[in-house]
Amino acid sequence: MLREKGRKRRLEKNGLNLTGERIFWMDVVRFVAILLVVFTHAHCWAGLRDIAGDRTHDIIITSLFFSVDRWGVVLFLMLSGALMFTKQMQCPFGFRWHRIFQFIALTPFWSVITNISFYIMKQDKSLWEAIRMGIIQNNVLWGGDTGEATHLWYMFLIILFYVALPFLAAMIKNLSCKEVGLYVCWSLFLFILPSLYHWGGTISQTTFLDRLFKDFFSMGLSYFFVGWLACQDTCVSRWLT
């Protein structure tokens with residue numbers, strides 16, 4: 001009982017209560033993120049997906065939509081970081097193998113199922129031909145890609161996060177808030193550096209910088225850290241003072 005009370009006090013001191021009770025503001029953030037993701041897919045399917053296309057009259061509204069709806073994924077990443085880092089820091093070092101293998105199994109499964117449906121409904125393939133094409137071309141394990149299941153890009157990021165989670169949690173547990181914030185700022189700089197490097201389009205897009213700073217070890221990982229930092233009362237107060 002005393003140990004559980006001590007654990008609860010430590011979590012509440014860090015600004016995040018993970019004792020089983022629902023956290024209202026997190027539910028609100030999750031609700032907003034869900035709406036933004038739905039909004040993304042809705043306006044993409046409505047045809048407002050290519051701001052460089054022939055429909056030039058849609059450029060302004062499409063730019064506005066993409067500028068707003070992209071925050072949905074960002075909010076989900078920040079929530080994941082806030083929750084998973086806090087949980088992992090209260091446990092011994094170890095991998096969450098059940099989640100990792102679950103994601104690894106579900107990603108090719110839904111990739112194949114989604115593309116089988118596409119081959120049947122959009123390309124008029126027979127059931128067996130669609131199954132064969134889906135398994136061979138879209139299994140994502142030993143060949144092919146996700147094809148029409150483009151939404152599964154998120155799974156690859158989450159799988160990497162779960163693999164790295166024990167190491168990252170141990171790292172930030174021994175770092176100050178300013179040191180974690182410094183990593184986020186450094187990642188932001190490296191994220192935009194290739195774009196600045198290619199300013200004017202005079203340099204090839206396949207440079208050393210492009211190959212270094214991509215996805216997980218740039219802003220993708222930083223969003224997890226930002227989410228964790230935002231839930232630390234001590235961190236917020238130190239940065240503001």
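N138 sits in the loop that joins α6 to α7 (153–173); helices here are DSSP runs of H or I with at least four residues, numbered from the N terminus. The structure is a predicted model, in which local features need pLDDT of at least 70, side-chain atom pairs count only at pLDDT 80 or more, and totals for chains, interfaces and linings use all residues. Residues are numbered from 1 along each chain as its sequence is written, and side-chain values use heavy atoms, with hydrogens and water left out.

N138 is buried, because its relative accessibility is 2%. Burial is assigned under 20% relative accessible area and exposure over 50%, with partly exposed in between (1.4 Å probe, protein chains only). The side chain of N138 reaches the backbone oxygen of D145 at 3.1 Å. This pair falls under the heading of polar contacts, defined as N or O atoms within 3.5 Å; within protein, one atom must be able to donate a hydrogen and the other to accept it, and residues adjacent in sequence count only if both atoms are side-chain atoms. Beyond its neighbours within four places in sequence, N138 contacts P108, S111, V112, N115, Y119, M133, D145, T146 and G147. A contact requires heavy atoms within 4.5 Å.

V140 belongs to the loop between α6 and α7. Its phi is positive, at about 60 degrees, although V140 is not a glycine. Most residues other than glycine have a negative phi. D124 also has a positive phi, of about 55 degrees, and is likewise not a glycine. D124 is placed in the loop between α5 and α6. With a relative accessible area of 68%, D124 is exposed.

A nonpolar patch lies on the surface. Its members are W97, F101, I104, I135, I136, L141 and W142, and together they have about 800 Å² of accessible area. Areas were computed by the Shrake-Rupley method with a 1.4 Å probe; for residues, only the protein chains shown count as cover. Patch residues must have over 30% relative accessible area and no salt bridge; like charges are joined within 9 Å, and nonpolar side chains (Val, Leu, Ile, Met, Phe, Trp, Tyr) within 5 Å. Helices α5 (97–123) and α6 (127–137) each supply at least two residues of the patch. The greatest contribution comes from α5, with 3 residues. I136 is found in α6. This residue counts as partly exposed because its relative accessibility is 49%.

The count of salt bridges comes to 2. A salt bridge is scored when a side-chain nitrogen of Lys or Arg lies within 4 Å of a carboxyl oxygen of Asp or Glu. One joins the side chains of E129 and R132, at 2.8 Å from N to O. E129 and R132 are separated by about one helical turn, because they stand 3 residues apart in helix α6. E129 is partly exposed at 28% relative accessibility. R132 is partly exposed too, with a relative accessible area of 43%. The side chains of D27 and R30 also form a salt bridge, at 2.9 Å from N to O. Both residues lie in helix α2, 3 residues apart, or about one turn of the helix. D27 is partly exposed at 22% relative accessibility, and R30 is partly exposed with a relative accessible area of 27%.

I34 is found in helix α2 (residues 24–45). It counts as partly exposed, at 41% relative accessibility. I34 and D69 are 35 residues apart in sequence, and their C-alpha atoms are 10.0 Å apart in space.

G81 lies in helix α4 (residues 71–89). At 0% relative accessibility, G81 counts as buried. Not counting residues up to four places away in sequence, G81 touches T86, F161, F224 and W228. G81 and L221 are 140 residues apart in sequence, but 8.8 Å apart in space, C-alpha to C-alpha.

Confidence was examined along the chain. The mean pLDDT of the protein is 76, and 70% of its residues reach 70 or more; pLDDT is the predictor's confidence in each residue, from 0 to 100. Among the elements, α6 has the highest mean pLDDT (92), and helix α1 (residues 2–13) the lowest (47). Over residues 1–8, pLDDT stays under 50, and the model has 4 contacts beyond four places in sequence for this stretch. Residues 10–15 also stay under 50, with 14 such contacts.
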